[in-house]
Amino acid sequence: PPAVVQDQFYVDFGDVGTVSWSIDGPYDVAGFVKDGIPQYAYYDYDNELVGVTHAARYDELPAKAKAAIEKEYGDYAVEDIVYFKDNQANDADMYLFDQAFEDADNYFVELSKPCKTIVVKCDPEGNTEFFRTLH
């Protein structure tokens with residue numbers, strides 16, 4: 001990535017040790033570990049932080065979200081959960097799972113059953129909605 005985005009990363013996160021850079025669609029992505037948690041910071045074309053993702057556990061979901069998932073998607077198994085922490089200073093929309101969404105803090109829960117995998121989106125208040133079908 002350009003030096004300017006690397007410099008911005010260090011402004012945003014400080015010296016967190018080893019950083020691995022990659023490109024994901026329109027983003028420069030910094031992979032790093034902070035506070036023992038592997039994370040990914042997404043930077044846009046203007047070298048501004050869009051947001052940060054990290055893996056989450058099912059027990060971290062709000063109770064309202066877990067109840068909705070169990071009611072609506074009880075025949076699915078929970079696979080992976082990603083938490084997206086929005087940079088509120090940047091209004092750019094974010095893309096995850098090849099789909100745009102309005103930038104806001106959200107959990108993305110990947111659910112599967114034979115021959116079908118979907119993603120549902122849960123906000124920190126527990127409001128849950130279908131996000132997209134993966135296959």
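**Stop 1: a charged pair**

Start by selecting Lys113, which is partly exposed at a relative accessible area of 30%. Here, buried means under 20% relative accessible area, exposed means over 50%, and partly exposed lies in between (1.4 Å probe, protein chains only). Before you click on, know that this is a predicted model, where local features need pLDDT of at least 70, side-chain atom pairs count only at pLDDT 80 or more, and totals for chains, interfaces and linings use all residues. Residues are numbered from 1 along each chain as its sequence is written, and side-chain values use heavy atoms, with hydrogens and water left out.

Helices (H or I, at least four residues) and strands (E, at least two) are DSSP runs, numbered from the N terminus. To count as a salt bridge, a side-chain nitrogen of Lys or Arg must be within 4 Å of a carboxyl oxygen of Asp or Glu. The general idea is simple: side chains of opposite charge can pair when their charged atoms come close.

**Stop 2**

How many salt bridges does the structure hold? There are five. For another one, show Lys121 and Glu129, whose side chains meet at 3.6 Å, N to O. Are these two residues buried or exposed, or something in between? Lys121 counts as buried because its relative accessibility is 15%, whereas Glu129, at 43%, counts as partly exposed. Elsewhere, salt bridges with shared partners join Arg57, Asp59 and Glu60 into one network. Zoom in on Asp59 and Arg57 there: their side chains form a salt bridge of 3.2 Å, N to O, and both residues are exposed.

**Stop 3**

Switch to a cartoon view and look for an open sheet of eight strands, in the order 1-2-3-4-5-8-9-10, with antiparallel pairing. At its edges stand strand 1 (20-24) and strand 10 (128-133); each has a single partner strand, so one side of each is left without a neighbour in the sheet. Neighbouring strands are turned by 25° against each other on average, direction ignored. Two strands pair if DSSP finds at least two bridges between them. As a rule, strands of a sheet pair through backbone hydrogen bonds, either parallel or antiparallel.

Walk across part of the sheet, colouring the strands as you go:

- Strand 2 and strand 3 run antiparallel, paired over seven bridges; Ala30 has Ala41 in strand 3 as its bridge partner.
- Strand 3 and strand 4 are antiparallel and joined by five bridges; Tyr40 has Thr53 in strand 4 as its bridge partner.
- Strand 4 (residues 49-55) and strand 5 are an antiparallel pair with five bridges; look for Val52 opposite Lys85 in strand 5.

**Stop 4: the turns**

Next, check the hairpins. Strand 2 and strand 3 have two residues between them, and in this hairpin Asp35 takes a positive phi near 55°. The hairpin of strand 3 and strand 4 has five residues between the strands, with Asn47 in the turn at a positive phi of about 60°. Asn47 counts as buried, at 18% relative accessibility.

One more of this kind is Phe97, with a positive phi near 55° in a residue other than glycine. You'll find Phe97 in the loop between strand 6 (94-96) and strand 7 (99-101), where it is partly exposed at 22%.

**Stop 5**

Last, bring up helix 1. Helix 1 lies across strand 1, strand 2 (27-34), strand 3 (37-43) and strand 4, running at about 130° to strand 3. Axes here are lines fitted to C-alpha atoms, for helices over the stretch in contact, and angles run from 0 to 180 degrees between N-to-C directions.

Pick out Val5, which is in helix 1 (residues 3-13). Val5 counts as buried because its relative accessibility is 0%. Which residues does Val5 touch, not counting those up to four places away in sequence? They are Trp21, Asp28, Tyr43 and Asn47, where contact means heavy atoms within 4.5 Å. Finish by drawing a line from Val5 to Tyr43: the two are 38 residues apart in sequence and 7.3 Å apart in space, C-alpha to C-alpha.
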